[in-house]
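Please work through each task with the sequence and the structure at hand before reading the solution.

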Amino acid sequence: MSGQPPSTPPVIALVVAVAENGVIGADGGLPWRLPTDLKHFKAVTLGGPVIMGRKTWDSIGKALPGRHNIVVTRNAHLRFEGADTANSLQEAISMAQNGLDDAASETFVIGGGAIFDEAMPLADRLYVTHVGQEVEGDRYFPIIDEAVWEAVETVTPQRSERDSADMEFVTYERRSG
């Protein structure tokens, strides 16, 4: 080492909205309308790098402003306007963390299902919007094991008239040991 003090590695955080039955997506989109959650998502991720799979990129349709967008795809020739391309989750994490400044100490993984499955063992924190309903869908979030994850903050927002369900914002931290 170069004599510099050891630095704390950036936190890897997953950001997701999950129905009571574990569904996170349906037919390439979200199976609900939750403007309150979208505002929460923006507040959590703004200023930081966001990592997503190509299908999530396609469902969003453009780069998320105010964030370093990184798209993971197996197709090395694909390019995305306003985003960097990575060929693996590990490459995306390296790209995100090499570009971090002191203000952005978290790297956010925002979906979809396959990326969440791969990122879950690497994650330090989960920002989960628990959606108060069961929905039909074809993408699921891994089970949050209470032996591994501890809920450290829970906020129940006021449901707006435009939200299709009640929700609860829960922050989980990986238990040490």
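**Exercise 1.** Determine which residues of E3 lie on each side and whether these faces are covered or open.

*Solution.* Step 1: Pro49, Ile51 and Gly53 lie on one side of E3, and Val50 and Met52 on the other. Step 2: all of them are buried, where buried means under 20% relative accessible area, exposed over 50% and partly exposed in between (1.4 Å probe, protein chains only). Step 3: five of the five residues of strand E3 (residues 49–53) are buried, so the strand is largely enclosed by the rest of the structure.

The model is predicted: local features need pLDDT of at least 70, side-chain atom pairs count only at pLDDT 80 or more, and totals for chains, interfaces and linings use all residues. Residues are numbered from 1 along each chain as its sequence is written, and side-chain values use heavy atoms, with hydrogens and water left out.

**Exercise 2.** Identify the strands that pair with E3 and the sense of the pairing.

*Solution.* Step 1: strands (E, at least two residues) and helices (H or I, at least four) are DSSP runs, numbered from the N terminus; two strands pair if DSSP finds at least two bridges between them. Step 2: five bridges join E3 to E4 in the parallel sense, and isoleucine 51 has isoleucine 70 of E4 as its bridge partner. Step 3: the chain passes from E3 through helix H2 (residues 54–60) to E4 in a right-handed β-α-β crossover, that is, clockwise from the first strand over the helix to the second, with the strands pointing away from the viewer. Step 4: E3 also runs parallel to strand E6 (residues 106–109), with two bridges; here valine 50 is partnered by phenylalanine 108.

**Exercise 3.** Describe the largest nonpolar core and the surroundings of isoleucine 144.

*Solution.* Step 1: a nonpolar core is a set of buried Ala, Val, Leu, Ile, Met, Phe, Trp, Tyr and Cys residues joined through side-chain atoms within 4.5 Å. Step 2: the largest has 26 residues, and those with the most contacts (heavy atoms within 4.5 Å) inside it include Leu14, Ile51 and Ile144. Step 3: among the elements giving two or more residues to this core are strand E1 (11–19), helix H3 (89–98) and strand E10 (167–174). Step 4: leaving aside residues up to four places away in sequence, isoleucine 144 touches Met120, Leu126, Val128, His130, Trp149 and Tyr172. Step 5: a second, separate core of 15 residues includes Val44, Trp57, Leu64 and Ile110.
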